[in-house]
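Hi everyone, thanks for coming. I'd like to take you through one model today, so let me put it on the screen.

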Amino acid sequence: MNFIQTRGCDENKPQSVTFSQAILSPIASFGGLYVPESLPDFSEDFLDSHINSSYKKLASDVLSRFEIDIDKTVIDEALALYDKFDDAKNPVPVVKLKENLFISELYHGPTRAFKDMALQPFGKILSSIAQARDENYLILAATSGDTGPAALETFKNQKNVKVVCIYPADGTSDVQRLQMVTEEAPNLKVIGIKGNFDDAQSALKTLLASPNFNEALKDKHISLSAANSVNFGRIIFQIVYHIHNYLELVRQNAITMGEKIYLNVPSGNFGNVLGGFYAKEMGLPVEKLVISSNENNILTRLVQTGIYDIRDSKLIQTTSPAMDILKSSNVERVLYSLYGATRTRELMESLDKENIYTLTADELKKLQEIFVADYCSDSEGKEYIKTVFKEYGYLMDPHTATCFKTYETKSNPDIKTVIYSTAEWTKFSPVIANALTGENGAKDIVALEAISKEANVKIPAMIDGLFSKKIVHDTVIEKTDIEKEILHFL
Ligand SMILES: *Cc1c(COP(=O)(O)O)cnc(C)c1O
């Protein structure tokens with residue numbers, strides 16, 4: 001299957017590209033994105049035939065229906081990485097919290113957050129494509145939290161790919177920083193930038209625009225690629241677990257085949273819920289997709305009013321930082337599916353130029369047939385963390401907590417809901433410790449121990465071990481020195 005472009009074709013790029021091409025250069029004509037030219041069918045026959053399938057078997061069959069240009073052996077190797085998750089047989093546990101409410105835990109991978117679900121297999125596939133073409137790629141990532149550790153973990157020691165992660169020296173939690181600076185491999189470089197996340201991002205932007213830097217890459221025969229969440233190479237793996245969760249509910253006798261359910265997804269750049277959208281479009285019985293946001297509630301306003309308006313919006317720093325986003329990139333793929341390329345280009349150009357677009361009443365109606373949305377403040381989230389722990393003994397992180405607000409305001413308790421848990425409690429321990437014990441301003445190690453004691457759970461070895469692991473990347477620089485530093489590494 002080939003991939004076409006959300007904003008139409010500008011004649012400089014081909015009309016359609018292969019999966020490999022869409023992975024290597026994810027930006028399409030007019031600044032658009034690549035989408036599959038058609039969607040395979042995953043309705044009841046497909047579901048019936050996979051009722052007893054392992055996660056890997058299901059994933060392998062979902063991918064094969066997309067008929068992508070990647071060898072089966074490479075796909076199998078990529079999917080084998082799910083064997084490194086806590087339970088190789090069931091990398092995505094679905095646990096019952098109470099009547100009609102289930103939690104899909106997407107954080108059982110090596111870096112304890114949901115980014116592993118897609119980045120683990122994606123890293124293998126990108127490296128294989130680069131090797132097959134005998135090309136070398138550099139991935140540059142500015143990260144404040146979950147993407148950096150997951151990208152380093154997946155690409156370490158992979159051939160033909162180097163990764164440079166730039167993090168704000170004042171802007172990550174201890175656990176997130178340690179996950180990056182202790183990751184040792186010759187093809188990885190981690191650089192702290194003095195300042196906050198904006199400083200790290202602007203350093204990266206300046207670097208990408210530097211003629212000297214681009215010239216140097218050319219001389220070294222290195223191309224830039226991206227592992228960010230608009231890459232369809234990540235999205236394809238995020239379709240699988242929505243189908244898996246549905247089958248899990250059937251297996252647990254919670255629903256009968258064909259019964260519709262709610263999928264409730266804590267959303268930022270919209271990759272996770274987009275996977276659910278595609279699964280629904282392909283026939284998965286989903287009543288509604290529930291979009292949960294934090295106070296950066298741009299998606300709530302879009303679904304409720306049909307207006308995407310960031311003219312006066314300022315990014316708010318919340319306790320769920322992976323969802324602190326104003327331009328939610330993957331929404332564009334939904335616009336394309338519902339309204340076509342011409343209209344998508346019109347809407348996205350309006351957003352780029354005027355910082356606003358407005359859907360027609362008919363367009364909004366179509367959107368609302370599929371999605372509902374609401375947002376959760378930090379203080380509400382804290383309350384949910386506390387009450388859910390008190391009532392059910394269940395520990396959750398602040399991203400997951402936003403779903404409990406939408407579960408109350410936007411769902412029907414008679415219909416089964418799956419809430420997605422996107423990070424383990426260990427990744428955001430100071431917030432959780434504060435919710436549970438009132439303790440304030442604790443460092444991660446103190447917070448982890450406080451939660452461990454309060455909830456009588458062990459700190460997982462891979463998190464505990466971070467605090468005594470050797471720091472291999474101790475570079476912290478001014479943002480003006482970044483070019484020199486990276487060229488030296490290359
Ligand atoms: C990335 C991330 C999200 C948001 O996912 P999107 O696919 O960007 O919508 C939510 N929670 C956590 C913990 C994340 O790391």
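A word on ground rules. This is a predicted model, where local features need pLDDT of at least 70 and side-chain atom pairs count only at pLDDT 80 or more, while totals for chains, interfaces and linings use all residues. Residues are numbered from 1 along each chain as its sequence is written, and side-chain values use heavy atoms, with hydrogens and water left out.

Let's begin with the six-stranded sheet. This sheet is open, has mixed pairing and runs in the order S3-S4-S14-S9-S10-S13. When I say strand or helix, I mean a DSSP run, E for strands with at least two residues and H or I for helices with at least four, numbered from the N terminus. Two strands count as paired if DSSP finds at least two bridges between them. At the edges sit strand S3 (94–98) and strand S13 (371–375), each pairing on one side only. From one strand to the next, the twist averages 25 degrees. Angles here run from 0 to 180 degrees between N-to-C directions, and the axes are lines fitted to C-alpha atoms, for helices over the stretch in contact.

Now please find strand S4, residues 101–105. With strand S14 (residues 417–421), S4 pairs in the parallel sense over five bridges. Along that pairing, Phe102 is opposite Val418 in S14, and Ser104 is opposite Tyr420 in S14. With S3, on the other hand, S4 pairs in the antiparallel sense over four bridges, and there Val95 stands opposite Ile103 in S4. The hairpin of S3 and S4 has two residues between the strands, and in it Asn100 takes a positive phi near 70 degrees.

Is S4 enclosed or open to the outside? Five of its five residues are buried, so S4 is largely enclosed by the rest of the structure. By accessibility I mean relative accessible area with a 1.4 Å probe on protein chains only: buried is under 20%, exposed is over 50%, and partly exposed is in between. Leu101, Ile103 and Glu105 point one way from S4, Phe102 and Ser104 point the other way, and all are buried.

Which helix lies across this sheet? Helix H12 (residues 271–281) lies across strand S9 (261–266), strand S10 (286–293), S13 and S14, and runs at about 170 degrees to S10.

S5 and S8 run parallel and are joined by four bridges, with Tyr137 opposite Ser223 in S8.

Two loop residues deserve a look here. Asp134 is not a glycine, yet it has a positive phi of about 55 degrees. Asp134 sits in the loop between helix H5 (115–133) and strand S5 (136–142), and it is exposed, with a relative accessible area of 66%. Asn160 also is not a glycine and has a positive phi, of about 65 degrees. Its place is in the loop between helix H6 (147–155) and strand S6 (161–168), and at 21% relative accessibility Asn160 counts as partly exposed.

Finally, the cavities. How many are there of 30 Å³ or more? The structure holds three. A cavity is a set of points, on a 1 Å grid over the protein atoms alone, where a 1.4 Å probe fits but cannot get out, and lining residues have an atom within 4 Å of a point. Grid points are joined across faces, edges and corners, and a volume is the space filled by probe spheres set on the points.

The largest cavity has about 60 Å³ of space. Its lining includes Thr319, Cys376, Asp378, Lys382 and Val431. Helix H17 (378–392) gives the largest share of that lining, four residues. By class, the lining has four nonpolar, five polar and two charged residues. For those classes, Ala, Val, Leu, Ile, Met, Phe, Trp, Tyr, Cys and Pro are nonpolar, Asp, Glu, Lys and Arg are charged, and the others, Gly among them, are polar.

The second largest cavity has about 50 Å³. Its lining has nine nonpolar, no polar and no charged residues, among them Phe270, Ile291 and Phe371.

Note on methods: Contact means heavy atoms within 4.5 Å. On a 1 Å grid over the protein atoms alone, a cavity is a set of points where a 1.4 Å probe fits but cannot get out, and a pocket is an open set with protein on both sides within 12 Å along at least five of seven lines; lining residues have an atom within 4 Å of a point.
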